[in-house]
Amino acid sequence: MAITMARTNILKLENIWFAYEKGKYVLKDISLSILKGDKIGIVGPNGSGKTTLIKHLNGLLSPEKGRIFYNGYEVKKRRELTRHVGLVFQNPEDQVFFPIVEEDIAFGPRNQGLKEEEVFTRVKEAMEYLKITHLAKRSFFSLSFGEKKKVSIAGVLAMRPEIMVLDEPTLGFDPWSKKEFLEIIDEVSKRSAIVITTHDLEVLDHVNRIIMIMDGQIKEEFVDKKEFMTKVFEHGLNEK
Ligand SMILES: Nc1ncnc2c1ncn2[C@@H]1O[C@H](COP(=O)(O)OP(=O)(O)OP(=O)(O)O)[C@@H](O)[C@H]1O
Ligand SMILES: [Mg+2]
């Protein structure tokens, strides 16, 4: 008989509703648990609410209705989530804190109140992971798009968040960088839960749950890419 161990629930969203404009709900009754060891892929059409949803995970947005629990305790102030959940934005330019690359990467860990020595170690390690050590002294604004993307990922990596959330991380990556990135994600997932929104089917080979959002609702969850591809591409969305 197989013994299944219950995995710890890190973050739980319970019946979340959110609207940017009054009455126009972009998220409708979303419930989602992120467990220790999870690697979740969030998929869905443009405008379905993926980015809006993940901005709730680190407290950038707070729900109009519904509750969020972190380690079993209800989150009262959304800022409580910031130190535990790291979010890598879709557009790296939305996430720049300092013009010089190494300073920018240091911003997050410094903000966590870590000692300078530890900040230095974290920044060095994150740059090595992303193979961007040679960019350390460069101006962020002079970098190529893919390089900027790597800097923004390094900045969140250096914080070693309990949950790492990435919004379309492979957008703009060359095939070699993408392969390296996916290896990094596999490595990082040993210590952090991962949530990735993506339109990139290759990324789905690296997750253990695929959550499909349609029109602000969780339409379905799949255990792997094979199940997702079979149901969505062979049978269409309305047939099960
Ligand atoms: N700041 C905002 N104000 C008003 N409406 C917004 C705002 N941001 C997003 N929306 C709307 O909310 C809906 C969901 O947007 P969201 O960015 O979450 O979609 P998405 O699934 O991430 O799409 P994509 O695949 O294009 O990244 C869209 O209709 C979008 O136009
Ligand atoms: Mg988006």
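Student: At what angle do H2 and H3 pack, and how far apart are their axes?
Tutor: This is a predicted model, in which local features need pLDDT of at least 70, side-chain atom pairs count only at pLDDT 80 or more, and totals for chains, interfaces and linings use all residues. Residues are numbered from 1 along each chain as its sequence is written, and chains are lettered from A and ligands numbered from 1 in the order in which they are written. Helices (H or I, at least four residues) and strands (E, at least two) are DSSP runs, numbered from the N terminus, while axes are lines fitted to C-alpha atoms, for helices over the stretch in contact, with angles running from 0 to 180 degrees between N-to-C directions. On that basis H2 and H3 pack at about 125°, and their axes are 9 Å apart.

Student: Why are H2 and H3 described as oblique to each other?
Tutor: Angles under 35 degrees count as roughly parallel, over 145 as roughly antiparallel, 65 to 115 as roughly perpendicular and the rest as oblique. The packing angle of H2 and H3 is about 125°, and the two helices are therefore oblique.

Student: Which residues of H3 does H2 meet, and how do the residues of this contact divide by class?
Tutor: Two residues are in contact if their C-beta atoms, placed from the backbone, lie within 7 Å. From H2, Glu 102, Ile 105, Ala 106, Pro 109 and Arg 110 take part, and they meet Val 119, Arg 122, Val 123, Ala 126 and Met 127 in H3. For the classes, Ala, Val, Leu, Ile, Met, Phe, Trp, Tyr, Cys and Pro count as nonpolar, Asp, Glu, Lys and Arg as charged, and the others, Gly among them, as polar. The contact of H2 with H3 then comes to 7 nonpolar, no polar and 3 charged residues.

Student: At roughly what angle do the axes of H2 and H4 cross, and which residues of H4 does H2 meet?
Tutor: The axes of H2 and H4 come within 7 Å and cross at roughly 35°. The contact has 6 nonpolar, 2 polar and 1 charged residues by class. On the H2 side stand Val 101, Asp 104, Ile 105, Phe 107 and Gly 108, and the residues they meet in H4 are Val 151, Ala 154, Gly 155 and Val 156.

Student: Which residues are around ligand 1, and which helix gives the most to that shell?
Tutor: A residue is near a molecule if its C-beta atom, placed from the backbone, lies within 6 Å of it. The residues around ligand 1 are Tyr 20, Val 26, Gly 44, Asn 46, Gly 47, Ser 48, Gly 49, Lys 50, Thr 51 and Thr 52. By class the shell holds 2 nonpolar, 7 polar and 1 charged residues. With 3 residues, the helix that gives the most is H1 (residues 50-57).

Student: Is Ile 10 buried or exposed?
Tutor: Ile 10 lies in strand E1 (residues 9-21), and, leaving aside neighbours within four places in sequence, its contacts include Ile 34, Lys 36, Asn 71 and Ala 193. A residue is buried if 20 or more other C-beta atoms lie within 10 Å of its own, exposed if 12 or fewer, and partly exposed in between, with C-beta atoms placed from the backbone. Because Ile 10 has 21 C-beta neighbours inside 10 Å, it counts as buried.

Student: Is Lys 36 buried or exposed?
Tutor: Lys 36 is in the loop between strand E2 (24-35) and strand E3 (39-43), and it touches Arg 7, Thr 8, Ile 10 and Ala 193, not counting residues up to four places away in sequence. With 12 C-beta neighbours inside 10 Å, Lys 36 counts as exposed.

Student: What is the phi of Asn 71, and what is that of Arg 160?
Tutor: Asn 71 is found in the loop between strand E4 (65-70) and strand E5 (73-74), and Arg 160 is in the loop between H4 and strand E7 (163-167). Asn 71 counts as exposed, with 12 C-beta neighbours inside 10 Å, whereas Arg 160 is partly exposed, with 18 other C-beta atoms within 10 Å. Each has a positive phi in a residue other than glycine: for Asn 71 the value is near 50°, and for Arg 160 it is near 45°.
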